[in-house]
Every structure is written in structure tokens, then in C-alpha cells.
Amino acid sequence: MATDAVDAAAPISRLDRLDTRSRLVVAVALVLTLASLRSWPLLGAGIGLGLLLTVLAGVPARQTLRRLLHVEGFLLILFVALPLTTRLPPFVAVGPLVLSVPGIERAVTLVLRITAAALVVLPLVSGLTPIRLGHALGRLGLPPRLVQVFLFAVRYVELLRAEARRLNDAMRLRGFVARTDLHTLRSYGHFIGQLLVRAVERAERIDEAMRCRGFAGRFPLITLERFGAVDIGAAGLTVLLIAIALVLDRL
Amino acid sequence: MAHIPDGVLSLPILAAGTLAGAGGLALGIRGLADRDIPRTALLAAVFFIASSLAFPLGPTSVHLLLGGLVGLMLGWKAFPAIFVGLLLQALLFGFGGLTTLGVDLVNMALPGVALAALARRFIDAGNPLRSAVLAGATAALAVIVTAALVGGEIALSEPAFTPALGIMAAAYLPLAVIEAAVTAFVTLYLLKVKPEMIVAPASLGTVA
């Protein structure tokens, strides 16, 4: 379930020994480094690191594949045009199609870079439960109100999904099938409108309940996580890896 | 297509997008009273759910962005709401990047917030037809500006992509039409059922 309130219910991997805050910071540092690398072997090493983290985090292979497909899909249109359109010396010419060497090289660099970034982010961040991420963001210094909106939304997505499912069942019982026509557009409009109305009415009830209990703008963020020796080790290793990668890339 | 993966954009673009996104968030949070927290969260949850609705389009389907509608209903609070939506999409579906969160936030939130600020004063329950048409136009323009922002950022990061962006932009046009129609119908519905949600100055529609 997306909103498992109890962290203990989630499967525990070796990466979970790290403080969630260090996981986030390490992920951002690694991805920013990857964004500035140009050398193919180093980007390949980044992919290797991503795979290692994936194994450590115990992310299922299927989830990794789906994520990669989604990310590469973004570039599909761009890639088809890229080698064809770079106005640089041609590599091979088949009729009107001209493939250029620099165009292909850039395309390969991007595929490697994006794959490596996705493989690093997925195990470090996407495996977190929303509650855990919310608490870590709060402890990293994000504004408390923003963290509260996030934690509330995590809770209410499930409830509103149930509302949406009921509305959807009601529409299907009356023979609704989504088509490319005005009726579908109007039905979606009313569907979203009704969902919004119910959400706002629910928000009014929640607000009243919270004020009855003396809500004063903050909730405690409770966690057992401590920034410990494992985190210092991980941070040191990350800095070392990034330094080596940047130096080798410039040589 | 509004989620840019990690590794595509150059560092200066990422930095600029992150700064702009943080600025929008700060403005949104400044106007967020204690009472607005559950409302903003619930509306963020609705938009998160609604953006996973697929509208069939010939052999494929498109997903709604709803930037215009969020802007109309939330004003600057659209920034925190969309930020929350992006975090949830990243966690639950694995969409979008980590370092591109700020850029994605600006792309999705800014067009809707800015256009809605212009259109809002002309939306009232007394004239539902005009209001619906205006809301629809806001939604369509918001999609087009979002597409232009995404395209511009990619072109600035990797100039070699520029010629391919025309193809990508064309993919956004049907989405703009669909968003316009859905947003217009949502507006008509809300004006009939609960007009204070989209018009009253005391509602969430106020600009921070």
C-alpha cells in the first residue's frame, strides 16, 4: 500500500541502514555529477553503480525495467530526429536520410547518462515510502507547512481514489465508455468537478475536526533515524567517487 | 511528456529552474494559512488522481495536466499543490527526475498561475458561458506555454535537439484542445454546484 503509515511494515533492505536524509543528498549529488560527465566509460561506471545500488536496495527487476522504459520513451522522438538533423559531416547517406557521426555520439552519451541517472535515483529515492520521504524532507529543512500538505495529500490520495472508484463504477453501470467525443469530455469534466466538490467538503470537515482538537499549525515529526557512522561512510565514499569521476572526465 | 528525466538538462538550466521553483513555492506557502493546509492537500490529491485519467485519442491516449484549472482554483498555492503531486508521481509511478523537480514544477505551475491571474476577474457565476470559455482558453494556453517551456529548456541544454522539438510540440496541440474542453466543463459544473470554489475572493482562488 502506498501509504503504509508504519515504516516497519515495509521490507527492509541493506540501503535502509542509511538515514533517509543521506539517501536523498547522495542521490542528488550523484545525479548532478552524472549530468556533467561526458566520457562513455565513466557513464558506464555510473550504470554499474546504479545496478549495484539496485541490488542493495532489493528493487524488483520488473520495476527497474518499467522505469527505464518510461525514461527512454521520453527521448524516442528526439532520438529519431537527432542523428538525422545535426548539421555536421554526414556518416552514411541513404537517400534523403543522412546520419551524422556527432549526432549519433551525442545520442549515445544521452542514453548512457539518462540510464545511469534513473538507475541511481530508483533505488535511493523511489523505493522510499511517501511517509518516510515526507519526514526526511521536513528534517532536511523544508518548510513545515509544505511537509504537512505533502503528508496530508499522501493520506487523502487513498480516500479520494476510493471516491473516484465509486464515481467510475456509477458511470460504467450507466454504460459509460471513454471515447474520442464531446460526451466523454463533458463526463470527465463532471467527474473531476464532483471529485473537487467532495474533496473541498471533506477538507471543511477535517479543518473543523482539527481546530476542535486545537491544531496550532504544527505536528511533531517522529523518527528513530539517526545520522550515524554508516552515513558518514556513505557520504565519504560518494565524495570520493564524485571527485575521481570529475578528474578522470577532464583528463 | 511534461516530466523531464534526470540527465537531459544542463546544470545552468537546472539551477535556474530550481531557483524559480523555490521562489514559487515560497510565495505559495506565504499565503497558506493553517486552514488552507487540508484544502490544499485534498485538492493536490484530486489533481494527482485526475492527471492519471487517460483520454482516448484515436489509437493512443493522452493524460491530462490540468495546469490551468489548478491555477484558477489555487492561485500561487498551485505551486505547493503541484510540487506535492510531482513528489507522489515520482514515488508511486517513478515518473520524472529528482534534480529536475524544480524545472518540472515551474513548467507545470507557472503558466496556469500566471494565466489564471489574468482570467480570474472575468469568471463569475452570473455569466457561466463566458466563464467556461475563459477557463477553457486559460487551460489551452497553459498547456501550450508548458510545452514551450519544456522545449525551450531542452533546446538550451542540447541545441542539437532543436529541430526535433517541432515534432514534440505538435503532440501537445490535441492535449491543449482536450484540456480546454474538460476545464470548461469542470468550470460550468462548479459554477452550478459550488460557485464559491472557483469565484469567491474568500475562497482558495485568491492570489496570495
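Modeller: With 22 C-beta neighbours inside 10 Å, B:Ala90 counts as buried (20 or more other C-beta atoms within 10 Å of a residue's own make it buried, 12 or fewer exposed, anything in between partly exposed, with C-beta atoms placed from the backbone). This is a predicted model, in which local features need pLDDT of at least 70 and side-chain atom pairs count only at pLDDT 80 or more, while totals for chains, interfaces and linings use all residues. Residues are numbered from 1 along each chain as its sequence is written, and chains are lettered from A and ligands numbered from 1 in the order in which they are written.

Colleague: Which helix does B:Ala90 lie in, and what is it in contact with, leaving aside neighbours within four places in sequence?

Modeller: B:Ala90 belongs to helix H4 of chain B (helices are DSSP runs of H or I with at least four residues, strands are E runs of at least two, and both are numbered from the N terminus). Apart from those neighbours, B:Ala90 is in contact with A:Ser126, B:Phe95 and B:Gly96, where contact requires C-beta atoms, placed from the backbone, within 7 Å.

Colleague: How many residues of chain B are in contact with chain A?

Modeller: There are 57 residues of chain B in contact with 68 residues of chain A. On the chain B side, H2(B) gives the most, with 13 residues. By class, that side has 46 nonpolar, six polar and five charged residues (Ala, Val, Leu, Ile, Met, Phe, Trp, Tyr, Cys and Pro count as nonpolar, Asp, Glu, Lys and Arg as charged, and the others, Gly among them, as polar).

Colleague: Changing topic, at what angle do H3(B) and H4(B) pack?

Modeller: H3(B) and H4(B) pack at about 135 degrees, with their axes 9 Å apart (axes are lines fitted to C-alpha atoms, for helices over the stretch in contact, and angles run from 0 to 180 degrees between N-to-C directions). H3(B) and H4(B) are therefore oblique to each other, since under 35 degrees counts as roughly parallel, over 145 as roughly antiparallel, 65 to 115 as roughly perpendicular and the rest as oblique.

Colleague: And what about chain A, what pLDDT does it average?

Modeller: Chain A averages a pLDDT of 82, and 85% of the residues score at least 70; pLDDT is the predictor's confidence in each residue, from 0 to 100. Over residues 1-7 of chain A, however, pLDDT stays under 50.

Terms used:
Contact = placed C-beta atoms within 7 Å.
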